[in-house]
Amino acid sequence: MMNLTSVRDGVLIALESLRSNKVRASLTILGIVIGVATVMTMAAAITGLRGSVMSAMEGLGPNNFIVNRFDQTKLQFVNDAETAPWDGKPAITFAEADLLEALPSIRSVVTAADAGGSAKYRNNTVPNVNIAGRGATWPEYSKGDFIEGRNFVAADERSGAPVVVLSDGLARSLFDGTRAVGKHIRLRGQQFLVVGVYKETENIFAAAAGNFAFVPTRTALTKLDADRDWMSLLVVPATGYTQAQAMDDVTAALRVSRGLRPGAEDNFALIRQQAFTEMFDRMTGVFFLVMLVLAGIGLIVGGVGVVGIMMISVTERTREIGVRKALGATPREILWQFLVEAMTVTLVGGIIGLAIAMCMAWLIGAISPIPATIPLWAVVASLLVAAVGGMGFGLYPAFKAARLDPVDALRYE
């Protein structure tokens, strides 16, 4: 093996070669730079996005779960010849919500039916508002605070009252910073009384949702054309009960209510909060795999360039190799010197790629709600891959240099 002096000399020779042949060196490491920068940027974005998703899920309550007509987390494509996953499964009803809320293991059940449309107050119109039809206990399934007014009450839910709670962003857009509570706005042309303004704790879902308004679920169904067939239930387990216990009780109650025989398949779905994280991991995993393949192609292209530049280096330094061998250098020392040079070239490319990825991660964090950060394991892995790749691609030139006959090398012009 080489001593530290030999390693240092190999690194200095490689850096001098890069400095003296800037254009050739830049083209050589370009593929490595692109490959490392791509992988690191994706790692930063996905790590930041996953952290935001996990934080948002914690805010929604890790033990909470959803009762839906079918499991939306199981992604699948349906063509005309196939049965849709919701076919033959009845819609969730208000009676089932009341049934589940009476269970000892359930603290609250929030009905949910969403709509969309514009919000208008006098001459101010905000398009593309997310209108969330919710039961009166919806704040238990969210994380935030009322900064003005109050929530609507159960009586509003039962009667389908035209009342609304606005997000703080929507309130600012409609009322230009003045007090919102007590004023009337129009949602999809229907008049609503503003009873509260809600500020949700910052998370990626809140940023993606944009402007939103909460109205009673029955109001959303009767006045805003929300689809009753897609109503779902947001379930909060009672204190002292685990998620598994609550889900078992809900499953048993719904099976009895719907008259399902033992052994019959459930015609409803219970979706854990963790299922959305797992779905996210599946989606980003496929995307990340594709990016790895593309980055791998870049590394291979860069590796071919490394082979080329090292072969040129061996040819240019044939006499030097002959002199070193004549002075007692062993083939192993020559081999390791050129391997260190090759590793240095690829490491320089890896460091440049890493620097570009850090800039991209900062840019992503500055222009989006994703706190993109490059994890330490990704930094170590990228530099390790660059070094190992340099060693692999430098083997052939290094072996060629180590096998040179010293007499022939000394006579080389």
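User: In which sense do β1 and strand β9 pair, and over how many bridges?

Analyst: This is a predicted model, where local features need pLDDT of at least 70, side-chain atom pairs count only at pLDDT 80 or more, and totals for chains, interfaces and linings use all residues. Residues are numbered from 1 along each chain as its sequence is written, and side-chain values use heavy atoms, without hydrogens or water. Two strands pair if DSSP finds at least two bridges between them. Strands are DSSP runs of E, at least two residues; helices are runs of H or I, at least four. Here β1 (residues 65–68) pairs with β9 (residues 232–237) in the antiparallel sense, over three bridges. F65 stands opposite V235 in β9.

User: What is the bridge partner of I66 in β10?

Analyst: I271. β1 and β10 (residues 269–272) pair in the antiparallel sense over four bridges.

User: Which way do the β1 side chains point?

Analyst: In a regular strand the side chains alternate between the two faces of the sheet. F65 and V67 point one way, I66 and N68 the other. All are buried (under 20% relative accessible area, 1.4 Å probe, protein chains only).

User: How do the axes of α3 and α8 cross?

Analyst: Two packed helices are described by the angle between their axes and the distance between the axes. The axes of α3 (residues 94–101) and α8 (residues 243–257) come within 10 Å and cross at roughly 135°.

Key:
Axes fitted to C-alpha atoms, helices over the stretch in contact; angles between N-to-C directions. Buried < 20%, exposed > 50% of the residue type's maximum accessible area, 1.4 Å probe, protein only.
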